[in-house]
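Welcome! Please take a moment to look over the sequence and the 3D view before reading on.

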Amino acid sequence: MRVPQWLTFAIAVIVMIFGGYRLWLATRTQPDADQDERSGRRRKGFYGMSKKTHLAIGVVYMLLAAGLIATSLGFNPFADAVGPDTITPTKDTAPSKAVPPDGIDKQ
C-alpha cells in the first residue's frame with residue numbers, strides 16, 4: 001500500500017506551521033515575564049520552556065517537514081541500503097524470446 005502524496009504534503013504543512021510557531025515563540029519578547037517573577041509564579045508546560053529549547057525544537061520540526069517534502073518528491077537516501085543487488089543481464093544471459101516446448105503435447 002502506498003501513502004497518497006497529498007497526505008504527506010498536508011502533514012508536512014502542519015509540521016511546518018507548528019515549527020514556525022515554535023520559532024516564533026523563540027524570537028518573541030515576553031513582556032509579562034518580569035511580572036511573573038515578581039509575583040512568584042512560574043510558567044508551566046509549553047510556555048515554561050526556554051527560548052533556546054523552542055528554537056532547537058522549531059529547527060527540528062522544520063527539518064522534519066523538509067524531509068517529508070523531499071521524500072514525497074522521490075528523494076530516497078537509503079534506496080541502495082535495503083534489498084538485494086541487481087545486475088543488468090548481458091545478451092547471453094537474458095531470457096530468450098522463444099519459449100521452449102514443455103513436452104506435454106507428445107502422447
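**The whole chain**

This is a predicted model, in which local features need pLDDT of at least 70 and side-chain atom pairs count only at pLDDT 80 or more, while totals for chains, interfaces and linings use all residues. Residues are numbered from 1 along each chain as its sequence is written, and side-chain values use heavy atoms, with hydrogens and water left out.

The chain has 3 helices and 0 strands, and along the sequence the pattern reads α-α-α. Helices (H or I, at least four residues) and strands (E, at least two) are DSSP runs, numbered from the N terminus. Of the 107 residues in the chain, 13% are buried. Here buried means under 20% relative accessible area, exposed means over 50%, and partly exposed is in between (1.4 Å probe, protein chains only).

The chain exposes about 9400 Å², and carbon and sulfur atoms supply 63% of that area. Accessible areas come from the Shrake-Rupley method with a 1.4 Å probe; for residues, only the protein chains shown count as cover. Now for contacts, meaning heavy atoms within 4.5 Å. Among contacts between residues at least 6 apart in sequence, 80% join residues at least 24 apart.

**The aromatic pairs**

How many aromatic pairs does a search of the whole structure find? The search finds 2. Rings of Phe, Tyr and Trp (its six-membered ring) pair if their centres lie within 6.5 Å; planes under 30 degrees apart count as stacked, over 60 as edge-to-face and the rest as tilted.

Phe18 and Tyr61 form an edge-to-face pair, with 5.2 Å from centre to centre and 75 degrees between the planes. Phe18 belongs to helix H1 (residues 5–27) and Tyr61 to helix H3 (residues 51–72), so this pair ties together parts that are 43 residues apart in sequence.

Tyr21 and Trp24 have ring centres 5.9 Å apart and planes at 25 degrees, so this pair is stacked. These two residues are 3 apart in helix H1, which puts about one helical turn between them.

The table shows how accessible the paired residues are.

| Residue | Relative accessible area | Class |
|---|---|---|
| Phe18 | 32% | partly exposed |
| Tyr61 | 27% | partly exposed |
| Tyr21 | 29% | partly exposed |
| Trp24 | 48% | partly exposed |

**A nonpolar patch**

Val3, Trp6, Leu7 and Ile11 form a nonpolar patch on the surface, and together they have about 400 Å² of accessible area. Patches are made of residues with over 30% relative accessible area and no salt bridge: like charges are joined within 9 Å, nonpolar side chains (Val, Leu, Ile, Met, Phe, Trp, Tyr) within 5 Å. A salt bridge is a side-chain nitrogen of Lys or Arg within 4 Å of a carboxyl oxygen of Asp or Glu. Ile11 is in helix H1 and is partly exposed at 41% relative accessibility.

His54 sits in helix H3. Is His54 buried or exposed? His54 is buried, with a relative accessible area of 3%. Not counting residues up to four places away in sequence, His54 touches Arg22, Leu25, Ala26, Phe46 and Met49. With Arg22, His54 also makes a side chain to side chain polar contact (2.9 Å). A polar contact is a pair of N or O atoms within 3.5 Å; within protein, one must be able to donate a hydrogen and the other to accept it, and residues adjacent in sequence count only if both atoms are side-chain atoms.

Thr8 is part of helix H1 and counts as buried at 19% relative accessibility. Leaving out residues up to four places away in sequence, Thr8 touches Val3 and Ser72.
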